[in-house]
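Take a look at the sequence and the model below, and then we will go through some of the details together.

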Amino acid sequence: VTRPLLGESVVIDDVGPARRGRVYPAAGAAGLLLLPAVVLLGALIAWPVVRIVYASVTDPAGGFVGLDNFRAALDAPGTAAVVGRTLLWALVVPVVVTGLGLLLATTSRRTPRGRLIRFIVIAPIALPLVVTGVAYRIMYDPDPGRGTVSALLAWMVGAESTPLLLGPRLITYSLMSAFVWAWVGLAFIVLRTALATVPHDLADAVRAYGGTPADVFRDARWRPLLRRTVAVVFVLVALGTVRTFDLILVMAPGSVLDESSVLAVRVFQTSGATTTGPGAALGVLWLVAVALGVAGAALGSRQVWPPPSGPDQPGPVAGQGWRAVLRRSVPVAVAVVWLGPLVVLVATSLHRPRDTATRPWWAATPSLDSYSEVFRRDLLGSLVFTAALATVVTLVVLVIALCAAYPFASMSGPGAQVAGALALAGAVVPIQVIAGPVNEVLGQARVAGTAVGVALVHIALGLPFAVMVLRNAFADVPVERLRRARLAGRGELVVVWHLARATVPAVVAVAALEFVQVWNDLVVGLLFSGPDKPLGLFLYGQSRQFVASSGVLAAGSVVVSVLPVLVLVLARRQVIAGLISGTLR
Amino acid sequence: VTVRRRTLLRASLAAPVAAATVPLLTAGCAAERVTQVAVVWSDTELALFEAVIAAYQRERRRRVEVISVGNNIDGFLRSRHRAGTSPDVAILSSPGNVLSYLDPAGEALIEPMRPDIRRRYARDWNELLTGRDGELYGAWVKAAHKSLLWYRRDRLGRPPGTWAELLDLVRERATPAGPAPLAVGAADGWVLTDWLENLIAAHTSPDQYKQFATDLAAGGSWNQPAVVASLTMLAELWGVPYALPGGGSRALLTQFDESVIQVAADPPRALMAVEGDFAASVIRDFGPVAAVPFPAATDRRPLLVGGDAAVVLAGADPAAHDLVDWLTRPDSFGPWMRPGEFGYPGTRGGYLSPLAEVGPAEYGDDFSRQRAAELASTTDLRFDLTDRLSGFAGGGDGVGSWKVLQDFFAEVTTPGADGPAAVARAVAALDRRGDR
């Protein structure tokens, strides 16, 4: 019996100009290659979403209750404030992040000093948000004898009138400042890459016609390219504000949790890892909002991105007068401010735990006691477990995504668009919303509360983005190469393998991002993990007694941050290209 | 040949995935052959419990795996139950949770204890873990003493013995210059509920207290004279100007550990704090701090306790009962009672045995001996109220009774606050019970 397991029949269209979509695998093979991704995404994302929508209009016994759950969720005290705060995050933070990123992108220069500044601004992207939370909570500690920023404020306005940065009135802005710190690097790097692809003769032409710098910016930069990129970055950051969850859990003391709460936290408080009607109703509202955001992103990014190729163009030429001074001083000023949290974190980690609890880091004798203490609390066990988890997840995601991306890349027409939209949607479903059903599925598979269950959730969450990036990479493979691979290969997997080598930059990007994602995770560990503690959960556990443990937390944070920063620095070129290819097309 | 090569290639693609997945899978399977114990402890407490378990493994020649689950042990047990991979034994800190595993609607998550366990405890302790069917569903393995006032020995001549003395002392020492007389870790809601519960206990007889807890669990009202009287006393004390370092809004950002440090650090920011015996683990690194019983608010001197109980999960290995039997023997927790003898010098256990037979002399340090003596001699033992409840009344960060008391705290520490109005609002809020 000869059943083509991974069908050999290939259709090669030799007529007409070489274009993508002309060479595609047979339907059966395509189906098989897509199968693992479809099964995983179907079971752990699509089905849970359906289940949540169903749960939002039924009671626990399954009876239809109409909009009762929505009413109950919206009537719960404080819901209006929570929804409002979530919207505030999704609107204000992207404006600040994109604006700062654009400012930096237009003023940064390609000098050795510029490179150092870039590193300082970009490094926070690589840090787990839990670590960002730890650094900012240490800086914002209300006691001027410990909190660096509180001490500065006390020195400026007097101890009596020092505002409580973590108090109910300011907590949201404090959290936002930490988030902006962590995300500006991303906006900066994407916008900078975009600017580098704007042809310089365009600007010269505008200048030649007597255009002012404002005209140059508008006609040579903003109109041809930046407007759309800015829109995409804005939506990207707006969707990213879901992650403020990690920050809130680490930075907000229990008494101000309500004053800082956003939908992510509220859904988590309402349902945890179970399915409840009101929790589901909130989740559905949230999903609708996210879907609208994604639709905006899809509309705003309908443009073929010029592939970042060739040597980088020289940066903007420094002029004279106050503009030049500004251009030179803005990046330096930002870098100095951005360095602050890193300095405070490292300085705090270099003191004994009892010193960090009672005096400021600039007034105590350095010591490595906090490091030995954090390892005594089994940081090593968490490091080993998380490294194994992140490695396994990365490998599995790569293999499954490569298999799925290849047939996906050759699809065309409405099918491709629907699949693309689904992948995009899968990439942005907040896990807090579907945690209950996901746990039910894992329970059915008998892996709930185990390392395998956690790994499966990570894989499902990482797949959509990986598929999108790799699909674009496959689509960019020159058709000649595709043809050669196909003629030489004997089965679809061989072709995938050949092409995988042609898409190494994208594979590196996916691997690096996926590894860092799992390494830096808190929420998946919090919702699904069993006895083994991933790093995010380890740090979060220590933060329950924040002041007594701040030295230990700082030391743990420093140790945890080394690897993701290293990975992203080593793979930065591929990651930037991959991010642009994956998010902007 | 073609087929073979293809198979080979496919295998070579699958191999890294398989190789990487195998350790994770086998980790899951291998664990089933030993007795698994899920606990909430971490750090020092976990290390001491593992020392306890090590002795069991030597003595009974069985293998036990301790898994530290963290605070969400409830979610862990439920999801493991659904997955059919429940551990054999779990140690929980809330009797309310234990009884919630006997939900009449679903199948029970836990099994009854063997009959001889009951004899090892005083009746009050067993009652908390007895199901409606009269069976005992848990065995206490650790007690926590929650009626303590910690104070600076070097700054206070004599610690207050009664509530009136406490109030006088706070008023006397409350000056803008500081140190403030009181530290309250109001950022952690349970610190405030512990204050309230100590006072409610003082305002009720043991039977009334028990009845009140039962009523609350069944949805009864908080609007009781004892609750109103207790909240009124708290409003009066917390409302004294300059009673707290940095005032009320600052105290609301002070977690339990920081409030202890405010008293223990040099120079101190505050002179007294009301916290359970577990504060000892924070204090050990710091200054001259001692503890006395919670000031008497009425003629009664109730002793408020919390505790951890072992349960056997449904369908567990028979060895699970053997382990529980061993854990509830008087000499099993030696490493935790006398850490110094077992290779943990400088560690103060913070462990009290709930067993009737364990006397104060068994402990390795004076502080523990003193608390054990109080526990053994008390005639008025009360169990933590909110630990017996679940959901809204049980509280949580930003949720339920914790949040209500934090709002109350914020209100009464504001200068010029209207105490009685705040009390009325708090009682109403406790009775409103949101869905959260």
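Predicted model: local features only at pLDDT ≥ 70, side-chain atom pairs only at ≥ 80, totals over all residues.

B:Asp194 makes a salt bridge with B:Lys146, and the closest N and O atoms of the two are 3.6 Å apart. The two partners come from distant parts of the chain: B:Asp194 sits in helix α7 (residues 189-202) of chain B, while B:Lys146 sits in the loop between β5 (139-145) and β6 of chain B, 48 residues apart. Both B:Asp194 and B:Lys146 are buried.

As a general point, side chains of opposite charge can pair when their charged atoms come close.

Five of its five residues are buried, so β6(B) is largely enclosed by the rest of the structure. Which residues point which way from this strand? B:Leu148, B:Trp150 and B:Arg152 point one way, B:Leu149 and B:Tyr151 point the other way, and all of them are buried.

Strand β6(B) also has partners. With strand β9 (residues 289-293) of chain B, β6(B) pairs in the antiparallel sense over five bridges, and here B:Leu149 stands opposite B:Val292. With strand β8 (residues 270-274) of chain B, β6(B) is joined by three bridges, and these strands run antiparallel as well. In that pairing B:Leu149 stands opposite B:Val274.

B:Arg152 is buried, with a relative accessible area of 0%, whereas B:Asp154 counts as partly exposed at 46%. Elsewhere, salt bridges that share partners join A:Asp141, A:Asp143, A:Arg146, B:Arg250, B:Glu258 and B:Arg269 into one network. Over all chains, a search of the whole structure finds 33 salt bridges.

Next, let us follow a helix of chain B. Helix α2(B) has 18 residues and reaches 26 Å from its first C-alpha to its last, close to the 26 Å expected at 1.5 Å a residue. Its buried residues include B:Leu46, B:Leu48, B:Phe49 and B:Val52. Among the elements that cover the buried residues of α2(B) are β1 (35-39), β2 and β3 (89-92) of chain B. Just after α2(B), B:Arg61 takes a positive phi of about 55°, although B:Arg61 is not a glycine. B:Arg61 lies in the loop between α2 (43-60) and β2 (64-68) of chain B, and it is exposed, with a relative accessible area of 76%.

Other loops of chain B have backbone details too. B:Tyr242, in the loop between α9 (225-238) and α10 (247-251), has a positive phi of about 65° although it is not a glycine. A cis peptide bond joins B:Gly178 and B:Pro179, with omega about 0°, and B:Pro179 lies in the loop between α6 (163-173) and β7 (180-183). A cis peptide bond also joins B:Asp266 and B:Pro267, with omega about -10°; B:Pro267 is in the loop between α11 (256-264) and β8.

Finally, turn to chain A. A:Leu88, A:Leu91, A:Val92, A:Val95, A:Val96 and A:Tyr173 form a nonpolar patch on the surface, with about 520 Å² of accessible area together. Helix α3 (residues 79-107) of chain A gives the largest share of the patch, five residues. One of the patch residues in that helix is A:Val92, which is partly exposed at 34% relative accessible area. A:Thr348, found in helix α14 (residues 322-349) of chain A, is instead buried, with a relative accessible area of 5%. Its contacts include A:Ile138, A:Trp361 and A:Ala554.

Key. Residues numbered from 1 in each chain as written. Chains lettered and ligands numbered in written order. Heavy atoms only, no water. Buried < 20%, exposed > 50% of the residue type's maximum accessible area, 1.4 Å probe, protein only. Helix = DSSP H or I, 4+ residues; strand = E, 2+ residues; numbered from the N terminus. Pairing = 2+ DSSP bridges. Contact = heavy atoms within 4.5 Å. Expected span 1.5 Å × (residues − 1). Patch = residues over 30% accessible without salt bridge, like charges linked within 9 Å, V, L, I, M, F, W, Y side chains within 5 Å. Areas by Shrake-Rupley, 256 points an atom, 1.4 Å probe, with all protein chains shown as cover. Salt bridge = Lys/Arg side-chain N within 4 Å of Asp/Glu carboxyl O. Lists of a residue's contacts leave out its neighbours within four places in sequence.
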